[in-house]
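Please read the points below with the sequence and the model open beside them. They are short notes for a colleague who has not seen this structure before.

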Amino acid sequence: MNILKGILVGSTIAASQVLAQHAFADEDTSSEIRLLKAKLHELEQRVEDQGRKERQYEAKAKAIINSAPAYKALPTAFDPCPAGKVCYKGVTLTFGGWIDLTGIYRTRNLASDTGSVYNFIPFPQAKNFYTPESRFSARQSRFSVLAEGDAGADTHLAGYGEIDFEGAAQTASSVATNSFNPRMRQLSVELDRTDLGVHVLAGQSWALMSPSKVGIDPRGVNAPGVIDFESVPGFLAARQPGIRVWQDFGPEFKLAASAENPQTAFFGGNTPTVGTPAVGPQGVLNTNLLVNLTGPGGSFFNNANNLSLNQVPDLTVKAAWDPRLGPYKLHVEAWGLYRQLFDRFNFANHTYDTGSFGGHINAEIVPNTLELQVYGARGALGRFTATPFPDATLAQDGTILPLNITAAMVGLIWHTTPELDLYGYAGLEKTDAAFADVGTVPFGYGNPLYNNTGCNIENSPAATCNGNTSEVRQATVGFYDTVFKGKYGTVKVGAQYSYNQRLAFAGVGGAPRTDDHIIMTQVRYYPF
């Protein structure tokens, strides 16, 4: 606008100069000059009017811009950020875990922390059969974080990590500092396509054969609600790296498959064992035999633990059904597991294929009040057991002899009030014997020619008590009570009593058995 005004004024002045020159020639042109000045004034007025209008237009434009709503991304499942969570750049973080103190008392000294190793409850032969055990532990304390985000309207991502303090490096002594190290429990990533009903999980998580409470749970497990870290015999589970895929067929039915890290636990551990006979020579395994290896330096494996020879992952399929029964909740699942056991002897590789199966039911008998849990399984499942049992033993030449396990458990949980839960469980794990003699020399597991004559005599020679475990049983009761719940978290206390029996296969000298009474208490603070 100012440029236009300058041009008009400049043009008018130039015209005036020309007219002035003519005035010297002709004074009659003065009237024309006055006319031009009047026109100049008129033009200046028009310019002012035009500037005023432009300023009005600019003010209106600014008002429209200022009144327009700011751009906002499309809402997600986490918009706005839910209470108790942390949201950052479209990712929602959910923290979990607790701080725990567990008190432990056992009538037989297992030299165990929060997990009772039922397969090592001593027979009267051992001095620790007569010595009780008492200790405190904070090692069940746990921390977890779940990161979730939406990569699209139907594509959802989740990452999950969980640690506890049940690691036991050699420096983790109970004498002074109790510096027990953290360990990885779970670390996984999950991809969900809700439009297709397809889910993929990769990383370390609970094995697919571990029981869920609803559907296919990618991170949780429907374990008995007890204090003992080894849980209840009959509850089979493991955490291991692998990949799984599952498909939703409507809201009630899901079908899953997984490939998971394989390992085989042989009778005797790192060095396969042959029992001692009551009479005759001691059996010796084939010297041209390989069943496991120790990781070399730089392998990122502890050289105190051997690795079994495995070439095929564990393969699992599982179906889960959650029917709608009015106010009653019901979950039913069944699974099948393929495992290949592997060793090498006499200059050749040898494999043994195994198939196992199992199932789980979680049902509300009285809605929100009384809950029933049932577990069952059968197959070469030793490393998944609470006992724990071995997976296999060996014949003299190195032939693998799988140990087939039968596992069963039933439990009731009574939600007496919103704060108080009472529970009771009964479970067992039982293995078949597997042995092959060479003449009169016994080999295998549960061989009736093994020596058991000293199992009930304190301080008798170790060779006089093979005591191969045939069965472990448990009956347990307990409670959990919420004593405080507020904006700063929840405090729960609990107590558990269990009666445990360990039964051995019959050998020369009989079929020994032993038992253990275990009492545990617990205080937990849930800050999240």
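The numbered points cover the basis of the model, its disulfides, its aromatic contacts and a surface patch.

1. The model is predicted, with local features needing pLDDT of at least 70 and side-chain atom pairs counting only at pLDDT 80 or more, while totals for chains, interfaces and linings use all residues. Residues are numbered from 1 along each chain as its sequence is written, and side-chain values use heavy atoms, with hydrogens and water left out.

2. The structure has two disulfides (pairs of cysteine sulfur atoms within 2.5 Å). With the bonded cysteines numbered in sequence order, the pairing reads 1-2, 3-4.

3. Cys81 is partly exposed at 36% relative accessibility, and Cys87 is partly exposed at 34% (buried means under 20% relative accessible area, exposed over 50%, and partly exposed in between, with a 1.4 Å probe and protein chains only).

4. The other disulfide joins Cys455 and Cys465, whose sulfur atoms are 2.0 Å apart. Its torsion about the S-S bond is 105°, and the link is right-handed. Both cysteines lie in the loop between strand E23 (444-445) and strand E24 (469-486), so the bond ties together parts ten residues apart in sequence (strands are DSSP runs of at least two residues, numbered from the N terminus). Cys455 is buried at 1% relative accessible area, and Cys465 is buried at 11%.

5. Ten aromatic pairs are found in the whole structure (rings of Phe, Tyr and Trp, the last by its six-membered ring, with centres within 6.5 Å; planes under 30 degrees apart are stacked, over 60 edge-to-face, the rest tilted). Among them is the tilted pair of Phe95 and Phe528, at 5.9 Å centre to centre and 35° between the planes. Phe95 is in strand E2 (residues 91-106) and Phe528 in the segment after strand E26 (513-526), 433 residues apart. Phe95 is partly exposed at 30%, whereas Phe528 is exposed at 55%. Ring pairs link Phe95, Phe143 and Phe528 into a cluster.

6. Which ring does the charged end of Arg239 sit over? The ring is that of Trp206, with its centre 5.0 Å away (the test is NZ of Lys or CZ of Arg within 6 Å of the ring centre and within 35 degrees of the ring normal). Likewise, the charged end of Arg219 sits over the ring of Tyr160, 5.9 Å from its centre.

7. Tyr497 belongs to strand E25 (residues 489-504) and is partly exposed at 34% relative accessibility.

Notes. Helices (H or I, at least four residues) and strands (E, at least two) are DSSP runs, numbered from the N terminus.
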